[in-house]
Amino acid sequence: GRRICLAPTVGATLGWAIRNHRAFSSSGRTWLASHGEQVRLCATWSDRVDEEGQQLEHYALMLMMGIVRLGAGPTWCPADMQLQTGESAAVRELEQLSGARIRFAQPVTAIGFPRALLDTPLPEPSGIREHSEDSLAAWTASGPADDLATSIAQVVETLSWRGYPHIRST
């Protein structure tokens, strides 16, 4: 959140979030797609379209909208949005999305907004300190690995401590 708030514009914030997506999630990807004077913030999260996948998508959707709202204002709503998961009454009935055209069961999750918003300056953050590039690099390196073997090693490392697991005590 701090790094996002320190970006000068909505576009810079989205660029940072897209570049660092893998530090937040080991699945899916995020990108911007241009469509004339409109831009779409797109994401794929997983192949899951069950209830748990739907909750993940709804959470991610609110984060995506939150970033755009940094420049567009707290009541901004996308005119058009699509979700990977199936029909959801919770989304359809959400007052904040009452003006949006919502399509479900799409290949990607996406929200559209005017290209001009990318250049919108963000308000000055209050009470946030700048972090060094070294601390950012260390934070990024601590994220989930991109390959299965290293991911397994990371999980094992979090479950291990000095002297455990030990063959005699397991």
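**Figure 1. Burial and overall fold of the chain.** Of the chain's 170 residues, 34% count as buried (under 20% relative accessible area; exposed is over 50%, partly exposed in between; 1.4 Å probe, protein chains only). This is a predicted model: local features need pLDDT of at least 70, side-chain atom pairs count only at pLDDT 80 or more, and totals for chains, interfaces and linings use all residues. Residues are numbered from 1 along each chain as its sequence is written, and side-chain values use heavy atoms, with hydrogens and water left out. The chain holds seven helices and five strands (DSSP runs, numbered from the N terminus: helices are H or I, at least four residues; strands are E, at least two). Along the sequence they follow the pattern α-α-α-β-β-α-β-α-β-β-α-α.

Figure 2. The five strands form an open, mixed sheet in the order β1-β2-β5-β3-β4 (two strands pair if DSSP finds at least two bridges between them). β1 (29-35) and β4 (101-103) are the edge strands, each pairing on one side only. From one strand to the next, the twist averages 20° (axes are lines fitted to C-alpha atoms, for helices over the stretch in contact; angles run from 0 to 180 degrees between N-to-C directions). Helix α2 (residues 10-19) packs on the sheet and touches β1, β2 and β5 (contact means heavy atoms within 4.5 Å). Its direction makes about 140° with that of β1. Strands β2 (residues 38-44) and β5 (residues 109-114) pair in the antiparallel sense over six bridges. Arg40 has Gly112 as its bridge partner in β5.

**Figure 3. Salt bridges around Asp80.** Asp80, Arg101 and Arg103 are linked in a network of salt bridges (a side-chain nitrogen of Lys or Arg within 4 Å of a carboxyl oxygen of Asp or Glu). Asp80 and Arg101 pair with their closest N and O atoms 3.8 Å apart. Asp80 lies in strand β3 (residues 80-82) and Arg101 in strand β4, 21 residues apart. Arg103 meets Asp80 at 3.1 Å, N to O. Asp80 is partly exposed at 23% relative accessible area. Arg103 is also partly exposed, at 26%.

**Figure 4. The Glu87–Arg92 pair.** The side chains of Glu87 and Arg92 meet in a salt bridge, 2.7 Å from N to O. Glu87 is exposed at 51% relative accessible area. Arg92 is partly exposed at 41%.

**Figure 5. Arg69, buried without a salt bridge.** Arg69 lies in helix α4 (residues 51-72). The nearest side chain of opposite charge, Glu95, is 10 Å away (Lys and Arg count as positive, Asp and Glu as negative; His and the chain ends are not counted). The Arg69 side chain reaches the backbone oxygen of Trp76 at 2.7 Å.

Notes
Polar contact = N/O pair within 3.5 Å; in protein donor to acceptor, adjacent residues only side chain to side chain.
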